[in-house]
Every structure is written in structure tokens, then in C-alpha cells.
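Here are my notes on the model you sent over. Have a look at it first, then read on.

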Amino acid sequence: MTAATSPTAGTSDEPSAFDHIETIVIEGHPTDIVYHRFANKLFLLITQHQKMANVYTVRSHAHNDVSGEETPAAGGPGGTTNRIYTIKHTFGASSDEAEAAIRYLMNFIGQSEEIVITLGLKRIDKATLDQIGGQLRKIVLG
């Protein structure tokens, strides 16, 4: 279960269209991660199929506030609030397993902005999600 990284953003003279692009190897599967921050949304593509499999929109709300307004940090890890995620499937194949994986990954990055995410994994399990989540934490919270 090793994760090798090979970031591609900023490695050539050409400017990248995205803030961050990299490939990590998880259990022998190259896993592409593309991240970009727009003015009002985040875009996140995670795939082991070298293509988009589906598209979900994730909205985050503070635990006691479904209006979307921020509340002061609660006593969670690192002083973050507990979040509730509203996930809407907008394109491609949908599955409860993918939605659960997205909810799990959102805990690593704790963003309040709306996130457009595509997730295409060959196998969804805790070890894979933990490695991806750790990498997302470095990329997004950097």
C-alpha cells in the first residue's frame, strides 16, 4: 500500500489550466487528482480510469446551520466544525458507495465552498480513501 506521487502542475514551461494536477499510485493503480479553485466553487477530479466517471455537486453546511452560514469553530479536530454535506448527482453513473466515499473524503478537506467532484475508483475501501484523503489535505489546505 504505497503511494508514489508525481505532480505535473508547474513542471513544464506551459501554464497549467488547473491549480494542481498529479498522479499517485495506490495499490498499483495510477490515481489522477486534478484540483482547481474557482471564484465560488472548487473542482476536484479523482480517477483511476483516466476519464470522468460521474459528477456530483457537494454543498457543506455547519452542523447546526443548514442555511450554509458559517458558525464559530467547534471543538473538533484542528478546531473545525462538524459539517453536513448535501450531495447531488449531476452526471454519469451514480452509486451509494460513491456518495459515501465522497462524504468520507470531504472530512479530510473541510471546505465550506461548493465542490464539483468526480470520483472514479476501481475499488472503494478505507485504505484507498485514507491515502487519497491525505493527499487532498496537502493539496487543498496546502
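Predicted model: local features only at pLDDT ≥ 70, side-chain atom pairs only at ≥ 80, totals over all residues.

1. Let's start with strand S4, which covers residues 41–47. Is S4 mostly enclosed or mostly open? Of its 7 residues, 6 are buried, so the rest of the structure largely encloses S4. Buried here means under 20% relative accessible area.

2. S4 has strand S3 (29–37) as one of its partners: the two run antiparallel and are joined by 6 bridges. They make a hairpin, with 3 residues between the strands. If you want a pair to click on, take Val-34, whose bridge partner in S4 is Leu-45.

3. S4 also pairs with strand S7, residues 114–120, and this time the sense is parallel, over 7 bridges. A handy pair to find here is Leu-44 with its bridge partner in S7, Ile-117. So S4 is antiparallel to S3 and parallel to S7, and its residues are largely buried.

4. Glu-27 sits in the loop between strand S2 (20–26) and strand S3. Its phi is near 50°, which is positive even though the residue is not glycine.

5. Is Gln-50 buried or exposed? It comes out at 51% relative accessibility and therefore counts as exposed, given that the cut-off for exposed is over 50%.

6. Last, a look at Asp-130, which is part of helix H2 (residues 126–141). Asp-130 is partly exposed, at 27% relative accessible area. Its side chain makes a polar contact of 2.7 Å with the side chain of Lys-126, a residue that also falls in the H2 range.

7. Which residues does Asp-130 touch beyond its neighbours within four places in sequence? The answer is Tyr-104 and Phe-108. For Tyr-104, the separation from Asp-130 is 26 residues along the chain, while the C-alpha atoms are 8.9 Å apart in space.

Conventions
Residues numbered from 1 in each chain as written. Heavy atoms only, no water. Helix = DSSP H or I, 4+ residues; strand = E, 2+ residues; numbered from the N terminus. Buried < 20%, exposed > 50% of the residue type's maximum accessible area, 1.4 Å probe, protein only. Contact = heavy atoms within 4.5 Å. Polar contact = N/O pair within 3.5 Å; in protein donor to acceptor, adjacent residues only side chain to side chain. Pairing = 2+ DSSP bridges.
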